[in-house]
Amino acid sequence: MIRLLTAQASVAIENAYLYEQVQEHSRTLEDKVAERTARLEQLNQELQGIADCDGLTGVANRRKGDAYLAEVWTRLRREERPLSVIMLDVDHFKAYNDNYGHQAGDDCLVLLAETIRAQLLRPADLVARYGGEEFILILPDTDREGVVEVGEKIRLAIEALAITHAHSSVDPVVTVSAGTATIVPESRAGVESLLREADIALYRAKRMGRNQVHSAPLASMG
């Protein structure tokens, strides 16, 4: 009888030990799965960041800019708050590339992008490379006076870099022209109207001599 109880106790102890091992193995597997899941999520975020990033300048690319503009348009339409954009173009950049080389042109764009981004102090503001030497800045909750102030601050900051551009008819340093537009999003207007007005303002800045900021009249949009 004693031997039977001893044997049963031994089996019970062994079973308890095996159960603890199974539990420990299960916890280890769960930890590994959780760790790998977290790593996959991190990699996905990194890949998304790469997909949204301009490969040269490090700012957002056009795809990200368009998506973000649509996102804030929807939000600000609900809130009936203003949305502003800046279309910014490097003056006589083709002449810069032709005379200093494409590597110097790339270096110039990188420095300009860094300078533009440094002027945006709010997390909601976004700068995207829109193509070539053109950038777009998306400024939620910014009125007409505010966006002109930001555009002028950026223009002066870039001029202050004093990047030599002996082949510019505007100034012996690299300069930019900018067009701004502001709208309170509504159902009968679209994002295209805002971009069109900013582009028209940019064209006006170029036509009037470049190295300046022009603003689209709010009343012309809707």
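Q: Which residues does D54 touch, leaving aside those up to four places away in sequence?
A: D54 touches V59, A60, N61 and R129. Contact here means heavy atoms within 4.5 Å. This is a predicted model: local features need pLDDT of at least 70, side-chain atom pairs count only at pLDDT 80 or more, and totals for chains, interfaces and linings use all residues. Residues are numbered from 1 along each chain as its sequence is written, and side-chain values use heavy atoms, with hydrogens and water left out.

Q: Why is D54 called buried?
A: Buried means under 20% relative accessible area, exposed means over 50%, and partly exposed lies in between (1.4 Å probe, protein chains only). D54 has 13% relative accessibility, so D54 counts as buried.

Q: What makes the D54 and T57 pair a polar contact?
A: A polar contact is a pair of N or O atoms within 3.5 Å; within protein, one must be able to donate a hydrogen and the other to accept it, and residues adjacent in sequence count only if both atoms are side-chain atoms. The side chains of D54 and T57 are joined at 2.7 Å, so the pair meets the distance cut-off.

Q: What makes the K94 and D98 pair a salt bridge?
A: The term requires a side-chain nitrogen of Lys or Arg within 4 Å of a carboxyl oxygen of Asp or Glu. K94 and D98 meet at 2.8 Å, N to O. They are four residues apart in helix α3 (residues 93-100), so about one helical turn separates them. Helices (H or I, at least four residues) and strands (E, at least two) are DSSP runs, numbered from the N terminus.

Q: Why do K94 and D98 count as exposed?
A: K94 has 62% relative accessibility, and D98 has 51%. Both values pass the exposed cut-off, so both residues count as exposed.

Q: How do you know that R62 and D66 form a salt bridge?
A: Their closest N and O atoms are 3.9 Å apart, so the pair falls within the limit. Both lie in helix α2, four residues apart. R62, at 42% relative accessible area, is partly exposed. D66, at 33%, is partly exposed too.
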